[in-house]
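Here is a short briefing to read alongside the model. Take a moment with the sequence and the fold before going on to the notes below.

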Amino acid sequence: MIIQSAAPSKAALYDQDLALVNEINTHQSPSDDDITTIGRLFMRYQGSAGGEELKLLISRTVEQWGMDRQSILDRSKQLWQTGYRPGQVQDEITVGSGADQ
């Protein structure tokens with residue numbers, strides 16, 4: 001027996017995504033990770049029913065940075081094309097041959 005809800009269902013990762021956007025929303029300016037995460041969430045929730053609270057929070061966060069959806073997606077694409085990978089740490093090299101540049 002299949003039971004269907006009359007209310008739109010939330011995406012499986014909705015609660016995790018909401019917590020993630022709440023964390024990102026505390027940042028004054030976006031990191032590369034923030035940009036790509038928000039870009040990915042724009043794509044995940046694009047055209048989906050429900051998730052209005054999350055969509056609104058994402059839009060407000062992007063506006064707070066002085067950006068819009070398209071600029072986030074363009075910047076995300078640019079980051080991925082330069083070899084960016086999530087969780088990369090861009091620490092300054094101060095020891096070793098890499099510091100001699």
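Let's begin with one residue of this predicted model: Thr61 counts as buried because its relative accessibility is 0%, where buried means under 20% relative accessible area, exposed over 50% and partly exposed in between, with a 1.4 Å probe and protein chains only. Thr61 sits in helix H3. Apart from neighbours within four places in sequence, Thr61 is in contact with Val21, Ile24 and Asn25, contact being heavy atoms within 4.5 Å.

**How to read the values**
- Numbering starts from 1 along each chain as its sequence is written, and side-chain values use heavy atoms, with hydrogens and water left out.
- Because the model is predicted, local features need pLDDT of at least 70 and side-chain atom pairs count only at pLDDT 80 or more, while totals for chains, interfaces and linings use all residues.

**The chain as a whole**
- The chain has 4 helices and 0 strands, with helices (H or I, at least four residues) and strands (E, at least two) taken as DSSP runs numbered from the N terminus.
- Along the sequence this gives the pattern α-α-α-α.
- Of the 101 residues, 27% count as buried.
- The accessible surface is about 7300 Å², and 50% of it belongs to carbon and sulfur atoms; the areas come from the Shrake-Rupley method with a 1.4 Å probe, and for residues only the protein chains shown count as cover.
- Among contacts with a separation of 6 or more, 73% are between residues 24 or more positions apart.

**The nonpolar core**
- The largest nonpolar core has 18 residues; such a core is a set of buried Ala, Val, Leu, Ile, Met, Phe, Trp, Tyr and Cys residues joined through side-chain atoms within 4.5 Å.
- Val21, Ile38, Phe42, Leu54, Ile58 and Ile72 have the most contacts inside this core.
- Helix H1 (14–24), H2, H3 and helix H4 (69–81) each give two or more residues to this core, and H2 supplies the largest share, 5 residues.
- Leaving aside neighbours within four places in sequence, Phe42 touches Ile58, Val62, Arg69, Ile72 and Leu73.

**H2 against H3**
- The axes of helix H2 (residues 32–45) and helix H3 (residues 52–64) come within 11 Å and cross at roughly 145 degrees; axes are lines fitted to C-alpha atoms, for helices over the stretch in contact, and angles run from 0 to 180 degrees between N-to-C directions.
- On the H2 side the contact is made by Ile38, Leu41, Phe42 and Tyr45, and on the H3 side by Leu54, Lys55, Ile58 and Val62.
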